[in-house]
Amino acid sequence: MRHGAILLALLLGGCAQSPISGGGGGIVSTNPCVDAVLIRILPPAQIAAISHYSQDPSATSIPIAVARRFRGIAGTAEEVIALHPDLVIASTYTPPATQAAYARAGLKTLLVGIPDSIAESQAQVTQISEAAGAPMGGARINAEIDRAVTRWSRTNGPSPNALLYISGDLATGGSTLLNEMMTRVGFRNAAASYGLTHTGTLSAETIVTQPPAVVIAPERVGRGTALRRRLLPTTPQAVFPRVLINCGGPTIPHALERLAAIRAGL
């Protein structure tokens, strides 16, 4: 993205003193989407650990070089409790047994869900930043999102049908953050045209008789991509990096910019 190199340099600079060997206190995140917010609003020394998913290129929303400056954890109760953090921020999908173990250990815990809209994502950024004691950092992220929405929203002209694949044959449906971003930049999510009301599987064979105006997917090379290219040779195929798919929050401005570029290229 346009500011990617600058952001990476700033983040790496801020991580010069690695927090990997911390000895208690700080914030532990077991959610990669929370990681993306924390590294933007806190000094590295205040982040005791991040999710191991952030160190996986297929699951991260932050630069791998930045993620590897932090301790990565799988989120088991044992490893989190052993770090003695001041706050644990985890997913609402965290197993009840793990949540109970956190409670027995006296850990302060914040559980966050999956936002289905830009507004919900901004509310979550505020929630995380306030819990982390850095409300102004959250406000800055949300201001960046507001500016991106204003800049990249398209309110006139045609709305071409588009399918956005998350991975393989898994396409995003309605009532999702990705769906709203597609709509904002001037696309119409074609998933409903094929009977897909929620995010789910949509094979190339299903759409071949009535292809969308464009197929958007993260993979440059992959079985699903190769099959769609073979069965839909005249349908434009655009790349939407996986790093922009996994989370909202600070990723939203970059995701909107990329989607708008795809729309402009049709």
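Which residues line the largest cavity? In this predicted model, the lining is made up of Ala 217, Glu 219, Thr 225, Arg 229, Gln 237, Ala 238 and Val 239.

## The cavity

The structure holds one cavity of 30 Å³ or more, and the volume of the largest cavity is about 30 Å³. Two elements, α10 (223–231) and β11 (237–239), each contribute at least two residues to the lining of the largest cavity. Of the elements involved, β11 gives the most, with three residues.

Sorted by class, the lining of the largest cavity has three nonpolar residues, together with two polar and two charged ones.

## The crossing of α2 and α6

Two packed helices are described by the angle between their axes and the distance between the axes. For helix α2 (residues 32–41) and helix α6 (residues 118–131), the axes come within 10 Å and cross at roughly 55°. Angles of 65 to 115 degrees count as roughly perpendicular and those under 35 degrees as roughly parallel, and α2 and α6 are therefore oblique to each other. The crossing in which α2 passes α6 is right-handed.

On the side of α2, the residues that meet α6 are Val 34, Val 37, Leu 38 and Ile 41, and their partners in α6 are Val 125, Ile 128 and Ser 129. By class, this contact of α2 with α6 has six nonpolar residues and one polar residue, with no charged residues.

Methods:
Residues are numbered from 1 along each chain as its sequence is written. This is a predicted model: local features need pLDDT of at least 70, side-chain atom pairs count only at pLDDT 80 or more; totals for chains, interfaces and linings use all residues. Side-chain values use heavy atoms; hydrogens and water are left out. Axes are lines fitted to C-alpha atoms, for helices over the stretch in contact, and angles run from 0 to 180 degrees between N-to-C directions. Helices (H or I, at least four residues) and strands (E, at least two) are DSSP runs, numbered from the N terminus. Angles under 35 degrees count as roughly parallel, over 145 as roughly antiparallel, 65 to 115 as roughly perpendicular and the rest as oblique. A crossing is left-handed if the near helix is turned anticlockwise from the far one by less than a right angle, and right-handed if clockwise. Contact means heavy atoms within 4.5 Å. Ala, Val, Leu, Ile, Met, Phe, Trp, Tyr, Cys and Pro count as nonpolar, Asp, Glu, Lys and Arg as charged, and the others, Gly among them, as polar. On a 1 Å grid over the protein atoms alone, a cavity is a set of points where a 1.4 Å probe fits but cannot get out, and a pocket is an open set with protein on both sides within 12 Å along at least five of seven lines; lining residues have an atom within 4 Å of a point. Grid points are joined across faces, edges and corners, and a volume is the space filled by probe spheres set on the points.
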